[in-house]
Amino acid sequence: MAPCHLAIVGAGPRGVGVLERISANAAELLGTTRLVVHLIDPFPPGPGRIWRYEQSPLLRMNSMTEDVTMFTDETVRMDGPVRPGPSLAEWADQLRRGELRHEIAADLHDELAALLTTSFPTRRLQSTYLAWVYRRVLDELPEGIEVVEHRARAVRVEDDHVRLADGTSVPADLLLLTVGHLDAEPDAASAGLVEYAREHGLSYYPAGYTADIDYSAIPAGEHVLVRGFGLAFVDLMLLLTEGRGGRFDERDDGSLVYTPSGAEPVLHVGSRRGVPYHSKPGYRLQGEPLQLPKFFDAAVIEALPEGPLDFFADVWPLVAKEIAWGYYSELWTGHPDRVRLGFPEFAERFAEHRWDSEEMRALIEGAVPAEEDRLDLNRLDRPLAGERFEDAESFGKHLREYVEADLARRADPAYSADLGGFMALLSVYHHLPGLADSGRLDPISQVSDVDGWFHGFFSFYASGPPPRRVRELLALEQAGVVSFAGAELRVTSERGRFVATTSSFPGELEARTLVEARLPNASVGLASDELIRTLRDSGELTEELVLGQPSGRIHTRLSDGRLLKPDGTPHERWFSLGPHTSARSAAAFTRPRINALPLRQNDAVAREILSLAKRVR
């Protein structure tokens with residue numbers, strides 16, 4: 001019997017994660033059918049493009065080694081078998097002890113030797129872990145499954161074949177797209193800035209993945225406007241400073257001082273909030289284990305009204321209450337000397353009251369005497385709201401003090417309640433795309449603001465950089481290499497320059513170079529990838545609608561990852577998984593032992609593929 005051919009377009013951690021689940025489930029579902037899996041990606045299988053080894057050694061993960069795994073465990077609610085494996089931290093420890101073998105590049109030896117479970121590893125080390133995961137998956141493939149690598153870009157699908165950019169083609173009885181974030185052509189606003197820069201001899205860098213962009217043309221001493229203060233800015237900041245020969249040295253008090261090389265530009269950075277992302281907490285919970293979810297579980301979600309939902313009116317009160325529950329649970333159990341009420345009584349009264357009601361506010365104000373111990377989500381979200389300073393210098397002083405205080409708070413276990421809120425927000429964020437578990441049909445498409453404000457708030461509060469990166473930011477500001485441009489940053493093109501204004505102080509900033517420090521928004525309509533464009537134009541791939549408006553994401557069925565056709569019916573043999581889809585799973589790898597949504601999705605899709613494989617041959 002001829003084999004079934006599965007084409008996986010995108011051989012990074014998501015594609016390899018599905019391959020691992022195919023291998024794990026094959027004994028139950030594949031029978032005597034032979035399956036050939038074609039991994040299609042111009043980048044190495046395992047790391048893929050984003051985690052490839054060939055990128056700057058300065059770039060690090062914003063996750064600790066103990067918080068990264070590619071493997072299932074007993075917490076994952078799925079139909080397939082658990083096949084455990086080491087987290088990044090465990091893998092590194094096993095390498096050091098000689099319990100497993102894998103070739104490690106010479107420039108990683110020192111990092112591996114010094115690595116702690118709480119370290120933030122380089123992306124190169126993560127690349128090596130992912131390469132090892134891929135080799136392990138290949139080694140454990142059962143008989144009847146063959147993997148063929150194709151180091152080329154897929155450009156179109158026709159006649160049950162995937163055509164590749166090198167002129168070859170791959171048979172595809174089944175198709176899985178795991179292409180990660182969608183690269184996009186400039187939108188109308190960015191296209192206008194591209195043209196303006198061309199006409200006036202300026203430099204404009206649209207949104208994109210920082211490691212893929214060549215910034216070498218930015219001259220030393222050039223004043224650069226940077227729009228975006230998140231993780232992409234952190235990468236840009238390092239590449240244009242330490243990456244150009246500058247040096248950070250540590251003082252006795254732990255702060256850093258930066259010695260410029262003279263090759264750096266001057267970065268004027270601003271954003272809507274005008275502040276950097278919160279750094280990752282540097283401590284553990286001090287109290288009892290958190291009981292999550294408490295107010296945002298499947299039963300509560302199922303009880304939401306049918307039909308379109310407004311995120312702020314219908315969903316946010318539940319989300320905010322869950323975050324506050326995590327925060328105050330840790331405050332009560334970890335720091336009982338700072339509250340005036342027994343935890344059982346507080347928990348009972350907290351559960352009774354609607355979030356942000358007068359009764360809720362009175363409960364918290366009466367039971368938590370110190371204002372700094374009370375959770376203020378509005379202030380967390382917009383710390384500069386209503387603030388106006390006389391000039392850039394006074395604003396810069398204020399922001400330095402804000403960043404220093406925030407950094408100190410994230411390092412002090414006395415404020416571990418912040419970690420309780422952080423953990424609750426992670427719980428909400430990881431379960432929100434999986435609301436289909438509640439029995440509701442594709443509810444994400446019925447909720448406003450999930451892709452907009454809430455994703456931004458999550459990234460700002462819970463997806464920030466390692467603390468050292470924030471210390472480096474402060475050192476660069478003190479050295480005059482970075483300046484703070486303020487909140488509500490607005491950039492116009494006039495007088496042959498890029499001109500920035502801000503709500504934080506009066507005046508203007510002019511520059512000949514503008515950098516968008518962010519990933520492009522997901523956009524099927526603006527996708528630059530040839531395969532996505534051809535599938536879109538042929539109508540075989542559609543864009544998800546949220547309350548009737550395009551979300552930019554590939555429309556898939558949440559339960560099994562099938563592509564949805566224009567009439568809403570699922571494709572029989574085509575699937576897609578990843579952040580570019582309706583499922584919105586943020587990463588292909590995950591923290592261990594949290595019943596992670598990506599692992600559940602991988603298992604569900606793998607089982608569908610294996611069941612189909614027997615029927616198409």
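Phenylalanine 460 counts as buried, at 0% relative accessibility; here buried is under 20% relative accessible area, exposed is over 50% and partly exposed is in between, with a 1.4 Å probe and protein chains only. The model is a predicted one, so to speak of local features takes a pLDDT of at least 70 and side-chain atom pairs count only at pLDDT 80 or more, while totals for chains, interfaces and linings use all residues. Residues are numbered from 1 along each chain as its sequence is written, and side-chain values use heavy atoms, with hydrogens and water left out.

On to the aromatic rings. Rings of Phe, Tyr and Trp (the six-membered ring for Trp) pair if their centres lie within 6.5 Å, with planes under 30 degrees apart taken as stacked, over 60 as edge-to-face and the rest as tilted. That rule gives 34 aromatic pairs. One of them joins phenylalanine 229 and phenylalanine 233: the ring centres are 5.3 Å apart and the planes sit at 90°, so this is an edge-to-face pair. Phenylalanine 229 is buried at 4% relative accessible area, and phenylalanine 233 is buried at 2%. Tyrosine 277 and phenylalanine 460 also pair edge-to-face, because their planes are at 80°, with ring centres 6.1 Å apart. This pair ties together distant parts of the chain, 183 residues apart: tyrosine 277 is in the loop between S12 and H7, and phenylalanine 460 is in helix H14 (residues 450-462). Helices (H or I, at least four residues) and strands (E, at least two) are DSSP runs, numbered from the N terminus. Tyrosine 277 is partly exposed, with a relative accessible area of 21%. One aromatic cluster takes in Phe311, Phe312, Trp316, Tyr429, Trp453, Phe454, Phe457, Phe458 and Tyr461.

Most residues other than glycine have a negative phi, and most peptide bonds are trans. The peptide bond from leucine 292 to proline 293 is cis, with omega near -5°, and proline 293 belongs to the loop between strand S12 (266-270) and helix H7 (298-302). Glutamate 488, not a glycine, still has a positive phi of about 50°; this residue lies in the loop between strand S13 (482-486) and strand S14 (490-494) and is partly exposed at 43% relative accessible area. Arginine 495 likewise has a positive phi, about 55°, without being a glycine, and is found in the loop between S14 and strand S15 (497-501).

Helix H1 (residues 13-29) runs for 17 residues and spans 23 Å from first C-alpha to last, close to the expected 24 Å, where the expected span is 1.5 Å times one less than the number of residues. H1 has a kink of about 30° centred on serine 23, the bend being the angle between axes fitted to the seven residues ending there and the seven starting there. Of the 17 residues of H1, 15 are buried, so the helix is largely enclosed by the rest of the structure.
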